[in-house]
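Hi,

Here is the structure we talked about. Please open it and keep it beside you while you read my notes below.

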Amino acid sequence: MRRVAVVGAGMTKFIHRALETPKELSWLAAKAALDSAEMKLDQVDCVVEGTAPDAFDGVHMNGEYLSDGCGAWKKPYLRCYVGGGTGVYALAQGWFHIASGLFDTALVVCEEKMSTCLPHPQAAFLTIFDNITEQPLKPNLLWIFALEMNRYMSVHGYSVEDIAKVSVKNKRNALGHPSAQLGAELTVKDVLASEIMAWPVHRLMVSPTSDGAAAVLLASEEVAKRVTNKPVWVQGVGWCLDSAYWTNRDLYYPDYVEKAAWMAYRMAGIREPRKEINLAEPYDPFAYKELHHLEGLQLAPKGQAPRLLADGVFDRDGDLPTCPSGGLLGVGNPIAAAGMMKLCELFWQLRGEAGPRQVPGRPRRGVAQAWGDLMQVGTVVVMGVN
Amino acid sequence: MNGRVGIIGIGYTAAQPTTPYSSFKELMFEAAQRAYFDAGIDAAEVESFVTCAEDLNTGLSIFDEYTPDQLGAVQKPMHTLTQDGLHGIADAVMQIKSGLVEVVAVEAHSKASNILTPDWILDYAVDPIFNRPLGFNPHALAGLEMNLFLHETGITPQQVSQVAAKNRTNALRNPLAAYPARLTADDTAAGPYAHYPLRETEMAQTADGCVVVVLASDDKARAAASQPLWVRGIGFANDSPTLESRDWVHAEYTRIAAQMAYRMAGITNPAREIDFFEVDDTYAYKELQHLIALGLYPNRPGEAGRALEQGLTRPDGKTPVNVSGGCLGLGWTLEASGLYRIVELVLQLRGQAGPRQLPGAKMGLAQSWRGVPTTSGAVAILSSEQKPWE
Amino acid sequence: MAGQPTNVRGTPVRSADLKKGRVFTTTYVPRIQYAWDTGQAIGRYLEELKNGRLIARRCNNCQRIMIPPRMFCERCFGPTHAWVVVKDTGTVNTFSLSYVSWDVRRLKKPEIPAVIEIDGASKGMGILHVLGNVSPKAVRIGMKVRAVWKPAQQRTGSITDIAYFEPIKGKAPAAKRTAKKPFKAKAKKSKSRKRR
Ligand SMILES: [Zn+2]
């Protein structure tokens, strides 16, 4: 297979409401990624864009609208999506653009401006539910998370308190991130004292709605070696979609994440993920999701992630740092851009450039993962220094 | 480039003005079953799936949620593109060429009849700050473009009416077509203006339908049940989405996409080397604009109109265009439009096109545009023969 | 080194700036309407809801009885074979107490969404609905519930023809319950669940 490297990364601040338009946010991130690689737009062969539902930006055919903001003027351009899994998937899309031999460089841009949607961006989520069998019940997005979290807790016998520690860790990690929306020093008590949105989900266990964009620049081996002496290689990509009939599945374990992970691990030649991966950016839109996903990623035995968390394994200086960026809980959650932020974090961590967030011990390989739709999609990317 | 890619199966429903007895899932299931049967494979042998859909056209946000079950894609790699089916073909070609997978299914469908407010939804695609507040019907953008296009190229309104008549008439020979009609240019020219100089009769009407296409690597394609058609070239591109800074005369998105596809296919003289064309004709003038962008009339764009008048683009002409009936005759099936063009290419190249079969067709080209207000297009070139040097 | 990312841009807008018009916005209310074809499977499902019963589809290949019904079996990738009327009772698979409405209004009295495994369908075949006529504190995973139907003349062929599901009195919840205490407080081992 043709090797592909990440050679640049950049992102905007993640903020509750941005002055910039969706196009401008895309442009800021794309430009930052290009600048970081000291490359110009005319060196970019093609552009890949990722956003989740059009309802947030408030534009039908949003991909077309965003195209020039992403730098796709007069270029081959695809917009891909798999709901919340889009941010990590988009890199896989860029990967095969280059691995196919059709292109040598690809700019991958993810953007979301949720604040455009009034009266509240969350209302747009009503339209992700089945139009005939579910929407008439007026479901809130929080429902599915609460239903899944309750299932996870009850099958394994965990409490809300066990889960709340994820919020504490990630919001603390985010204090070192210049783009972060919700970095904070909190205790488990604070999290449990926060408003119950949809039991067992408390407000501080939920990532915020955000505006923001993030981008990476991908290059073939030949180009990568020419433009940087610190390329970060895409070692594996995987994605997997489960049945739409989510009420017919047991939500306690994400099979689709496991399948996506093994697809990526096989490609990366990984047999024992827990030994061969140095850091992880699992998807954490809600606190329990990080634990749920670490199990799916085979980085914790089934039902054991909360124990490892309590033991400090996932702390920045632990055996397997998870969400050293601060995750969606700390940095913010402009859907697709949040997944891309995780890939940016791997890039900086693996290059040793993460400053105050740098995990110790010169990590050599990391995995990022996102999730989406009706608890249905797993997307996984493995990156490493060789 | 590493390895050829072939189309090994197609499955489709007829395009119809309405499909009240089937849900979109049931339409997709039918097309998928037919496609896998045509390819002689089980659904389980498909390694990756691509669906092409816009949320607002389906009425569901994050539409990819609702795709896996009826395609046999449960717990498989699947992703959605918010683009035309031809973009989906390009996506599948890249996945296979990368060496990641060997068999990919591409799906697109239309349930346009379920959209009660189509013009308002299209309005929602117009720039929300600069243009939407002006309150014009988005189809008027086609009128704007057509006016300048005619002015700059010397193509006449009469010639545009002739495109509509030709394609509606071609559809009479296509059992998949939703809007066949025996029309003359005088008939279509008698239609009222919708957005001057664009007439109602020169605008495609939407139709429902679904297409699934199965692509495979060289090895798998050679072992397939049906005759594989080789993807010789693929290209896609965007021009400016901004109305204020785009090229209104030339379909730049198509020119760039075609250059990419021709380079890959080693084609230098498309008019001579390609036997027939299925191009976007959502608005009748677009057929001519797209043929020009495909490089068929390199010296003078006005020749596009004269070639039409001389019957060169009729099924019995030198360069048949939209033998299927195009969007005007078959129906505008939104994201599925490009895949219906692929269906026509495959049927013609296999010699299965029945009463509209073109004799000796060996290579065909499909081109798509995503409609107003976009400047997004794609091109695919299929052939029954492999490249001589491959 | 301060660390990446550097030079992050993006300009926060405060609510006050919006309210006082220091920042300009354009407002647009989309007019978006659909009439979705329900097709064969869901069309019949709705028809039977109007009749006051739940209906499922059986696949003769894998023997699963599926609800909501579908004309294709996603596991066997073939057509399903028969209609099966199932019961309007079931078991709570999971639930939440939601204090936020779909459009993010705060609710004093929580809505209780639940996945309810329907009796007569295959194991694990649930539908999304809400619970009613029950104290939030009393809801348990494993609780037996039954559908409370709207009066026949008010039914329209919608999932809301079932007003809600309510507990079946006298049927004790199954042994499985939701853990409320942190795991450290007790020695426990995780239950292993049978997977297909
Ligand atoms: Zn079955």
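**Where chain C meets chain B**

Asp37(C) and Lys111(B) form a salt bridge, with their closest N and O atoms 2.7 Å apart. The count between chain C and chain B is one salt bridge. Keep in mind that this is a predicted model.

Which parts of chain C supply at least two residues each to the side that touches chain B? They are helix 2 (39-50) and strand 4 (78-79) of chain C. Helix 2 of chain C gives the most, with three residues. By type, the residues on this side of chain C are eleven nonpolar, six polar and three charged.

Now the interface as a whole. On the chain C side, 20 residues are in contact with 34 residues of chain B. The size of an interface is often given as the accessible area lost when the parts come together. Here chain C and chain B bury about 2300 Å² between them. Carbon and sulfur atoms hold 63% of that area. There are also twelve residue pairs in polar contact across this interface, with both residues at pLDDT 80 or more.

**Salt bridges elsewhere**

Over all chains, the structure holds 46 salt bridges. Look at Arg370(B) next. Its side chain meets that of Glu54(B) in a salt bridge, at 3.1 Å from N to O.

Arg370(B) has a relative accessible area of 9%. Glu335(B) counts as buried too, because its relative accessibility is 5% and the cut-off is under 20%.

The picture extends to chain A. Glu64(A), Glu54(B), Glu335(B) and Arg370(B) are linked in a network of salt bridges.

One more pair, within chain C. Lys144(C) forms a salt bridge with Asp119(C), the closest N and O atoms being 3.3 Å apart. Lys144(C) is in strand 10 (residues 144-149) of chain C. Asp119(C) is in the loop between strand 8 (106-118) and strand 9 (126-131) of chain C. The two are 25 residues apart.

Best wishes

Definitions and conventions:
Residues numbered from 1 in each chain as written. Chains lettered and ligands numbered in written order. Predicted model: local features only at pLDDT ≥ 70, side-chain atom pairs only at ≥ 80, totals over all residues. Heavy atoms only, no water. Contact = heavy atoms within 4.5 Å. Buried area = accessible area lost by both parts, 1.4 Å probe. Salt bridge = Lys/Arg side-chain N within 4 Å of Asp/Glu carboxyl O. Polar contact = N/O pair within 3.5 Å; in protein donor to acceptor, adjacent residues only side chain to side chain. Helix = DSSP H or I, 4+ residues; strand = E, 2+ residues; numbered from the N terminus. Nonpolar A, V, L, I, M, F, W, Y, C, P; charged D, E, K, R; others polar. Buried < 20%, exposed > 50% of the residue type's maximum accessible area, 1.4 Å probe, protein only.
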